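Subject: Handing over the structure

Hi there,

Here is the structure I promised to pass on to you. Please have it open while you read, and my notes on what turned up in it follow below.

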Amino acid sequence: MRKHDRPKSSTTFRCAIYTRKSSDEGLEQEFNSLDAQREACEAYIVSQRHTGWIALPDMYDDGGLSGGTMERPALQRLLADIRASKVQIIVVYKVDRLTRSLAGFAKIVDVLDTHGASFVSVTQQFNTTTSMGRLTLNMLLSFAQFEREIAGERIRDKIAASKRKGMWMGGNVPLGYDVKDRKLIINTREAESVRAIFQRYAELGSVSLLKVELDRLGVVSKRRAGAGGCLAGGKPFSRGALYLLLQNRIYRGEITHRDVAYPGQHDAIIDEELWRIAQDRLATNRQERRLAAGAEAPSLLAGLIFDADGAHMTPSHAAKGAKRYRYYVSASLLTGGRAASGIRVPAGDIEGLVLDRLRQLMASRSELGAALAPLDLDAASFDAALNKASDLSRRWLTLTPIDIAALVRRIVERTQVNLNGIALQLNRGEFASALVGDDKATYKHTDPILLSIDATLKRAGKGKRLVIDNEIAPEINQELVAVIVEAFSIQKQLFSGANDSIEAMTQRLGAGKGHLTALVRLSYLAPDIVRALLEGRQPIELTPTRLLKLSKDLPHDWREQRRFLGFVDRPSPTGDRTAL
């Protein structure tokens, strides 16, 4: 180093250069805004070399991040280095590069004062160590914050004006549409899936059942290009996503802004009638959750539903926060009994399956003809019944809840929830009378119409609750898989001799003794239970937390383990019963 380049001050000040740009536009260029800011700051530090300033090599760059937030990676790293006394001076091109928020500025100055540091703006000479300097900066930042808020208001006003004109203003492209020239264009194949989702929900009236059917059919969310060119989406719908989809007014050809809908510049996928039916179903379900069981809207199958033992199931409900959930519960469970056959099923799911089965019966001329054949109806009555049933099946979605409830109470004699499905029993004479339209006509036939509902029911928990599975593909719980993997890993470490006891392993791993003990117990699960957990065939209520909690009472006998954890023995083709 030449003599005149040496610092004249004996004190060295470590300077960190901080750069920021609000948008990521242009950052891909070889020389961008961040480089320009850094170059100016480096030149300024060189000019102050005689006072002992040196530039640190570390880069503190926040590209594409707003100055209105403190949650910026480079800024947080810089503040951490100040607290660690690695940085004494922050050098920025302009004050607003550091922050545009008065609250953020106060936090930064507090850190600087606490650790004896300061900051310098290359284009605005301020000294934050004096009260006058801080006052001047506060005034400057007030205008910076005002400018940022005005810019935000302009952007919000532009978005609102554009949406009032029906323009799509970006975001995730909904299933059923593609984007071309910043406009929504219908994707024909996806649009068919959207119509099918709305149609099936209108028929079932239950988002839970809709999810089951979509999972079984392999219907997934929209695939879209994610960050770095990776594909995102293409996954099974969650219930929350289905609720949002069913209420998305984009499918009606509308654009919403602050709960106000405007005619959009794109084409609708869902017609007005189907949209209205779906919204009525959603509104009815919300009302039923608010009213719960036994209120103004009594449960549809009250008095008509029985469990596998032939005992009445009673409408009930449970509350979780502001939400209320309806169920049908075996009487033995309500009276405190512990019968193994006692069950609890979601009311909306069972009702949806029953109504869907009735609609299918009325839509099938062959099945309906077989059901009416034993009554020996004359040709005119038989034809009238077929035509009325066909008309009902077409208008099924437009029937009011009162009309549907009246029909169900008239023709359904019994709904029995068995472990292997649901059996529906209809009054053949009343069914014929309702279809023929002659309430005075009596059809003497004692045999009921027997229908089965294609839904597999699995016992969950300790046999006190049934869950409709409907043969959906297993959904692997990765957290459960992680627990099993960890359990066998702990067992292997314990048997390897690396630790003399659980206590020694607790000390080495820093884990709780109770947690490690539970994992060791789970390593002795029956092999078929382990396989079921890894394949996602566990009872729906067997969560990782519940499995660890149950481990303290886990039986040694494998058959008892299956029963204890809620796995059901299923009959094998030979007639024997085999686990899981």
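In this predicted model, helix α19 (residues 527-535) and helix α21 (residues 558-565) have axes that come within 9 Å and cross at roughly 35°. Axes here are lines fitted to C-alpha atoms, for helices over the stretch in contact, with angles running from 0 to 180 degrees between N-to-C directions. Helices (H or I, at least four residues) and strands (E, at least two) are DSSP runs, numbered from the N terminus. On the α19 side, the contact (heavy atoms within 4.5 Å) is made by Pro-527, Asp-528 and Ile-529, and on the α21 side by Trp-558, Gln-561, Arg-562 and Leu-565. These residues divide into 4 nonpolar, 1 polar and 2 charged. Nonpolar covers Ala, Val, Leu, Ile, Met, Phe, Trp, Tyr, Cys and Pro, charged covers Asp, Glu, Lys and Arg, and the others, Gly among them, count as polar.

Two notes on how to read the numbers. Residues are numbered from 1 along each chain as its sequence is written, and side-chain values use heavy atoms, with hydrogens and water left out. As the model is predicted, local features need pLDDT of at least 70 and side-chain atom pairs count only at pLDDT 80 or more, while totals for chains, interfaces and linings use all residues.

Now the chain as a whole. The secondary structure comes to 21 helices and 22 strands. Of the 580 residues, 42% are buried; buried means under 20% relative accessible area, exposed over 50%, and partly exposed in between (1.4 Å probe, protein chains only). Among contacts between residues at least 6 apart in sequence, 62% join residues at least 24 apart.

Not counting residues up to four places away in sequence, Phe-198 touches Leu-245, Leu-246, Tyr-251, Ile-270, Leu-274, Trp-275, Ala-278 and Gln-279.

Phe-431 is one of the buried residues of α15. That helix (residues 428-436) is mostly covered, with 7 of its 9 residues buried. Its buried residues pack against α11, α12 (365-372), α13 (379-395), α14 (401-411), β17 (421-426) and β18 (449-453).

Finally, two loop residues for you to look up. Most residues other than glycine have a negative phi. Ser-85, however, has a positive phi near 60°; Ser-85 is in the loop between α2 (73-83) and β4 (89-92) and is partly exposed, at 48% relative accessible area. Asp-181 has a positive phi as well, near 55°. Asp-181 sits in the loop between β6 (177-180) and β7 (183-186) and counts as exposed, at 68% relative accessibility.

Best wishes
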